[in-house]
Amino acid sequence: MNSKFVRHIFNIFLFGFAGIGILFVFVFVSMQFGLLNVKGSTSERNSYFNINKNTISKTNSNSLVIFCQINILGKYAPITSINIYKTLNKGADDLILSQMISVASKRFENDFIFNKEMENCNNNKSVDLLLPMTAYDWADTDQWALMKEVFIRDQDIIKKAASDVGISPRLILGGVMGEQFRFFNNRRETFKGYFEPLKILASLSKISFGIAGIKPETVDQIEENLKNSNSPFYLGPNMENIISYEVEVDIDSVRMTRITDAKNPYYSYLYVGLYMKQLMAQWEKAGYSLENRPEILATLYNLGFNHSVPKENPVAGGSVININNKDYIFGDIAYEFYYSGELSDTFPIVVQ
């Protein structure tokens with residue numbers, strides 16, 4: 001065997017082993033920097049961790065670390081991180097939560113980026129991770145955090161009003177939300193100093209009244225539509241007596257008491273539901289459907305009966321409300337809420 005052939009065989013083995021070595025180094029480095037990880041959906045993580053900024057600012061430093069670590073884990077194991085968040089939301093102490101995070105992190109102990117991000121949580125270097133955002137500007141506000149708490153607290157009342165009318169509670173809430181955001185946006189200091197600490201919604205008291213910002217003349221129209229079988233807004237004989245009064249009472253006074261009752265807002269929600277149901281009836285009779293059109297129902301709730309003109313391609317509109325430095329029109333708030341998944345555990349989305 002000549003020496004030239006031997007050297008040729010030697011070079012093949014040499015370059016082969018060198019190539020394998022380079023491949024192993026590449027894999028090792030990629031694993032250390034997490035380049036080969038298949039991570040969880042960021043949108044799934046962000047849509048769930050709607051942790052209010054005001055809540056974060058009041059927690060101790062250890063809780064801030066836990067918020068951050070849950071968020072990091074959410075990129076790698078979103079289902080596990082959601083389970084930990086649910087445990088946090090039920091009032092578990094930091095020791096239990098830290099242990100849950102520690103156990104869940106075991107799988108990623110060799111991931112360089114994972115460990116670095118977790119370390120940054122402890123060093124408070126990753127500020128953005130302490131403020132997880134939803135896909136909606138309004139859902140990241142302390143105003144929405146208050147509304148959400150009140151809606152959950154009053155869910156039996158809201159569900160009864162919706163059931164009595166035969167409409168989705170989410171449609172009703174879309175109208176109420178717009179009124180509350182509009183009020184709180186114009187009275188930020190009042191919100192922070194009064195409504196937020198007391199955990200109550202604003203009850204309007206000038207032109208529009210109650211938590212739903214409904215006008216007395218609108219209430220009068222709603223009730224008239226219930227009785228008038230010739231009205232395009234008529235809901236049928238079964239709904240004629242859903243609103244009733246005692247004999248010889250001052251109806252205007254009773255109406256005002258009902259729509260401004262902060263302790264029992266049943267009628268506020270009921271009138272919103274009836275208003276929207278009557279709009280749906282009008283459009284249905286004209287050959288158009290407002291089923292699953294929360295943006296149109298909220299727009300017309302904001303604008304009034306006179307603006308309800310059935311047509312083929314209606315568009316959202318209404319008052320402009322600035323929320324979290326973003327301008328919304330009234331109808332868009334209701335539309336985004338309806339399909340956002342917010343409060344879906346309490347008020348499920350039911351698409352017809």
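What share of the contacts in the protein with a separation of 6 or more comes from residues 24 or more positions apart? Such residues account for 68% of those contacts.

## Overview

The model described here is predicted. Its secondary structure comes to 16 helices and four strands. The protein has 352 residues, and 45% of them count as buried.

## Helix H4 and Leu-73

Helix H4 spans residues 61-76 and contains Leu-73. The relative accessible area of Leu-73 is 0%, so this residue is buried. Buried here means a value under 20%.

Leaving aside residues up to four places away in sequence, Leu-73 touches Pro-78, Thr-80, Ser-81, Ile-84, Ala-104, Phe-108, Phe-114 and Met-118. One of these, Ala-104, is 31 residues away from Leu-73 in sequence. In space, the C-alpha atoms of Leu-73 and Ala-104 are 8.1 Å apart.

The loop between helix H7 (112-122) and helix H8 (142-153) holds Thr-141. Thr-141 counts as buried because its relative accessibility is 6%.

The side chain of Thr-141 has polar neighbours in the backbone. A polar atom of this side chain lies 2.7 Å from the backbone oxygen of Trp-138. A polar atom of the Thr-141 side chain also lies 3.1 Å from the backbone nitrogen of Trp-144.

## Met-177 in helix H10

Met-177 is part of helix H10, which covers residues 169-186. With a relative accessibility of 0%, Met-177 counts as buried.

Residues up to four places away in sequence are again left out of the contact list. On that basis Met-177 touches Trp-138, Trp-144, Met-147, Phe-151, Ile-333 and Phe-337. Phe-337 is 160 residues from Met-177 in sequence, while the C-alpha to C-alpha distance between Met-177 and Phe-337 is 8.9 Å.

## Packing of H10 against H11

Helix H10 packs against helix H11 (residues 188-198) at an angle of about 100°, and the two axes are 4 Å apart. Angles of 65 to 115 degrees count as roughly perpendicular, and H10 and H11 are therefore roughly perpendicular to each other. On the H10 side, the contact is made by Phe-183, Phe-184, Asn-185 and Asn-186. H11 contributes Arg-188, Phe-191 and Phe-195. By class, the contact has four nonpolar, two polar and one charged residues.

## The E3-E4 hairpin

Strand E3 (residues 320-323) and strand E4 (residues 326-329) run antiparallel and are joined by four bridges. They form a hairpin with two residues between the strands. Across the pair, Val-320 stands opposite Ile-329, and Asn-322 has Asp-327 as its bridge partner.

In a regular strand, side chains alternate between the two faces of the sheet. In E3, Ile-321 and Ile-323 make up the covered face, whereas Val-320 and Asn-322 make up the uncovered one.

## Residues with positive phi

Most residues other than glycine have a negative phi. Which residue in the hairpin turn has a positive phi? In the turn between E3 and E4, Asn-324 has a positive phi of about 55°.

For Lys-199, phi is near 55°. Lys-199 lies in the loop between H11 and strand E1 (204-205), and at 32% relative accessibility Lys-199 counts as partly exposed. For Leu-343, phi is near 65°. Leu-343 lies in the segment after helix H16 (330-340), and Leu-343 is buried, with a relative accessible area of 8%.

How values were computed:
Residues are numbered from 1 along each chain as its sequence is written. This is a predicted model: local features need pLDDT of at least 70, side-chain atom pairs count only at pLDDT 80 or more; totals for chains, interfaces and linings use all residues. Side-chain values use heavy atoms; hydrogens and water are left out. Two strands pair if DSSP finds at least two bridges between them. Axes are lines fitted to C-alpha atoms, for helices over the stretch in contact, and angles run from 0 to 180 degrees between N-to-C directions. Angles under 35 degrees count as roughly parallel, over 145 as roughly antiparallel, 65 to 115 as roughly perpendicular and the rest as oblique. Contact means heavy atoms within 4.5 Å. Ala, Val, Leu, Ile, Met, Phe, Trp, Tyr, Cys and Pro count as nonpolar, Asp, Glu, Lys and Arg as charged, and the others, Gly among them, as polar. Buried means under 20% relative accessible area, exposed over 50%, partly exposed in between (1.4 Å probe, protein chains only). A polar contact is a pair of N or O atoms within 3.5 Å; within protein, one must be able to donate a hydrogen and the other to accept it, and residues adjacent in sequence count only if both atoms are side-chain atoms.
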